[in-house]
Amino acid sequence: MSDTTTFLNELTSLLGERGLLREPDAMARYVSDWAGDTLGMPLAVARPANTAEVAEIAKRCYEHGIAMTPQGGHSGLVAGALPAANGQELVISLERLNSVRTIDPVNFTITVDAGCILENVKLAAFDHDCDFPLSLGAQGSCQIGGNIATNAGGLNVLRYGMMRELVLGLEVVLPDGRVWESLNALHKDNRGYDLQQLFLGSEGTLGIVTGAVLKLSPRPTQNRTALLGLPSVQAVIDLYGLARRECCDLLTAFELIPRRCIELAIEATPELRDPLEDAYPWYVLMEVAATGPIDLSALLEALLETGMERELVLDGALASSDTQSAQLWQFRESMLEGQRRRGEHLRTDISVPISAIPDFVSRASEVVMAASPECDIIAYGHVGDGNLHFNILPPTAMADSDKKAHLHNLEVRLFEVLDDFHGSISAEHGIGRTKQAPYLARLSPIEREMVSGVKALFDPKGLMNPGRILPAGE
């Protein structure tokens, strides 16, 4: 009997037939992400039901030298949680760790298992008159552990920050099976090094998050949404500056959307209708929210009146109900599906200083169009944190066999422009495998030394999600 067979038999005894999947058909849904990317087939899929089982799995992997791939809700976009093609990685799915452990509405905290789906956490907070403000298009399927591992951002970073700002405490299984329990619900804690921050954004390369204490906010009692037509990206940025000053911390979202995205949304969701009477080159989808006796309608109307006086806003639609608000946000969701239906395309997740967005979009568009005049540029994103998704649809007539190399060439050119703006190649999706090469190319020698040192300290055998962020073996 081989050592691998012995190992798998041990896990079957530990987890039962339901807890360890070994047949290719049973493992099929664990090898693809939302975009349909597939890399390989795992050695097996372990489905632990609690932290103790996760710890025991990690301990046995450590003893047998088996690589581990922690996995959440399959909504990642950089192949960070997909098993390698060599068939030697054990996928550890956290989907059965899905309990809300405790809610403290006075301390404004909620303690959850890592496998809890984001939307369920938000609903649990809502039931206690609280709000967990992380908002993602994938919130119906993504899991809290994955949100932590990737330091998720989303639509409300402008007001509430990224996941890094929403986590107070963690429970983590280390690569050798030991459990680090630091589920502190303290809003202020200044005791030396903040170890938990190392796991936020680590993409499962340092350990497996099994539980977390999350920061809640008061549940907004009112919100107002507007979709506006604007003449240029510069007008969008000027309006953003005005909105930040006029609405201050009540501004929760401020999304840049080009006309092409409105068209893609309507293609993907035929029941949608053009939101404004005329078509405009750029749109802003914005939202303000508050608790208490604040007249949000008057605040938003005053902002838009000033924006029109300054010729920043050309037209707009204001939602007067939650239903109308949801309809406006449907454009933001459906445009992603519209892109996905176009097949293979370049997805980027970059950031630049907010004030540099107009110049960056202009220069990047010139460079990309010069190299590929028939491509389709889809530049949209979260203005309030400088995060753009500068995506590129290849020419429709291009052969599928030519697309990958063509898109890679465009990405190289795009990132060269980004370097001139001292931007980031990954604002919220992470590095995983797909962004590893450009990430490493931009690390200084001292950064590479520190990053490699952290990895070696936590995972000396290199078994935890190898080949993500850093090359396997480093």
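Here is a short walk through an annotated region, a hairpin and a pair of helices. The model is predicted, so local features need pLDDT of at least 70 and side-chain atom pairs count only at pLDDT 80 or more, while totals for chains, interfaces and linings use all residues. Residues are numbered from 1 along each chain as its sequence is written, and side-chain values use heavy atoms, leaving out hydrogens and water.

Let's start with the record. An unreviewed UniProt entry annotates residues 38-219 as "domain: FAD-binding PCMH-type"; such annotations may be inferred rather than shown by experiment, and their positions follow the numbering used here, with feature names shortened. Over residues 38-219 the chain is 20% helix and 25% strand (DSSP runs numbered from the N terminus: helices are H or I of at least four residues, strands E of at least two). The end C-alpha atoms of this stretch are 39 Å apart.

Next, look at strands β5 (residues 100-104) and β6 (residues 109-113), which pair in the antiparallel sense over four bridges (pairing takes at least two bridges found by DSSP). Val100 stands opposite Val112 in β6. The two strands form a hairpin with four residues between them, and Phe108 in the turn has a positive phi of about 55°.

Now move on to the helices. Val233, Gln234 and Ile237 in α8 meet Ile357, Pro358 and Val361 in α12, where contact means heavy atoms within 4.5 Å. The residues of this contact divide into five nonpolar, one polar and no charged (Ala, Val, Leu, Ile, Met, Phe, Trp, Tyr, Cys and Pro count as nonpolar, Asp, Glu, Lys and Arg as charged, and the others, Gly among them, as polar).
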